[in-house]
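This report describes how two protein chains meet in one model. Please look at the sequence and the structure before reading on.

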Amino acid sequence: MKDKHVVKVTRDQIQSARALIDFAGGEDKVDPVIVKIAHALRPSASQSRAS
Amino acid sequence: MEWWSAALAFVGAGLGSTVSWVVARRDIAQREAAARADVGQRIEQSNLEEWGRRFTAALAGVSSESTRQRALSRVLLVQLGQSDLATAEEKQLVLAVLDAGARIDGDGEDVTRFRAGMLVDEVVYVEDTEDDPDSEGGAP
């Protein structure tokens with residue numbers, strides 16, 4: 001069984017991550033963690049994915 | 001012999017005035033070029049100062065209490081950072097501010113750093129919508 005750790009991020013963090021990707025010139029130019037934050041799931045989506 | 005000296009005096013005077021005219025023209029052209037360069041430098045300096053004011057405002061705005069101002073300041077920061085006026089050092093500063101903004105949550109914690117010894121197979125990032133009035137189940 002996989003251990004899944006859920007991290008909550010704010011809308012500000014998501015917007016900063018997206019701005020950083022935009023500024024850096026693409027998702028491949030930033031830390032993969034930043035890409036994950038930029039694509040943070042909405043709670044409803046994460047619940048349906050978890051089920 | 002007298003007409004020779006008169007002719008030489010005439011030619012000498014003409015030559016002298018021509019040379020002084022050429023020198024004066026060159027001097028005027030140099031002054032005009034210097035003035036144009038000075039105006040160009042002043043415009044560039046003025047643009048740099050205006051850029052600096054906006055950059056400072058954008059940096060201050062990303063930590064504002066207002067959600068709207070934070071969002072607008074981020075857009076401004078990216079635009080200013082992409083400007084030709086931004087130095088490499090300032091571009092690095094924009095990257096660092098946006099990187100920190102993405103990692104640090106409202107409590108000042110870096111959400112990308114996990115406790116030592118914590119073993120997980122997968123980390124899922126989920127938007128925190130508790131204070132978001134637009135989210136489902138939020139305040140009307």
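## Salt bridges

A salt bridge is counted when a side-chain nitrogen of Lys or Arg lies within 4 Å of a carboxyl oxygen of Asp or Glu. The structure is a predicted model, and a search over all its chains finds twelve salt bridges. Five salt bridges are found across the interface of chain B and chain A.

One salt bridge pairs Glu127(B) with Arg11(A), whose closest N and O atoms are 2.9 Å apart. Glu127(B) is part of strand β1 of chain B, while Arg11(A) is part of helix α1 of chain A, so this pair joins two chains. Arg103(B) and Asp31(A) also meet through their side chains in a salt bridge, with 2.9 Å from N to O.

## Extent of the interface

The size of an interface is often given as the accessible area lost when the parts come together. Between them, chain B and chain A bury about 3,200 Å², and 59% of this area is on carbon and sulfur atoms. Tyr125(B), Val126(B) and Glu127(B) supply 23% of the area that chain B buries against chain A, more than any other three residues.

Counted by residues, 36 from chain B are in contact with 33 from chain A.

## What chain B contributes

Across the interface of chain B and chain A, 18 residue pairs are in polar contact, both residues having pLDDT 80 or more. On the side of chain B that touches chain A, at least two residues come from each of α2 (67-81), α3 (88-103) and β1 (122-127). The most come from α3(B), which gives eight residues. By residue type, the side of chain B that touches chain A has 16 nonpolar, seven polar and 13 charged residues.

## Strands paired between the chains

Strand β1 of chain A, residues 4-9, is joined to β1(B) by six bridges, and the two strands run parallel. Which residue of β1(B) is the bridge partner of Val6(A)? The partner is Val124(B).

## Confidence of the model

The average pLDDT of chain A is 86, and 82% of its residues score at least 70. Among the elements of chain A, the highest mean pLDDT, 95, belongs to helix α1 (residues 11-24), and the lowest, 59, to helix α3 (residues 43-50).

For chain B the average pLDDT is 87, with 90% of the residues scoring at least 70. Over residues 135-140 of chain B, pLDDT stays under 50, and the model has five contacts beyond four places in sequence for these residues.

Methods. Residues are numbered from 1 along each chain as its sequence is written. Chains are lettered from A and ligands numbered from 1 in the order in which they are written. Side-chain values use heavy atoms; hydrogens and water are left out. Contact means heavy atoms within 4.5 Å. Buried area is the accessible area (1.4 Å probe) that two parts lose on being put together, summed over both. A polar contact is a pair of N or O atoms within 3.5 Å; within protein, one must be able to donate a hydrogen and the other to accept it, and residues adjacent in sequence count only if both atoms are side-chain atoms. Helices (H or I, at least four residues) and strands (E, at least two) are DSSP runs, numbered from the N terminus. Ala, Val, Leu, Ile, Met, Phe, Trp, Tyr, Cys and Pro count as nonpolar, Asp, Glu, Lys and Arg as charged, and the others, Gly among them, as polar. Two strands pair if DSSP finds at least two bridges between them. pLDDT is the predictor's confidence in each residue, from 0 to 100.
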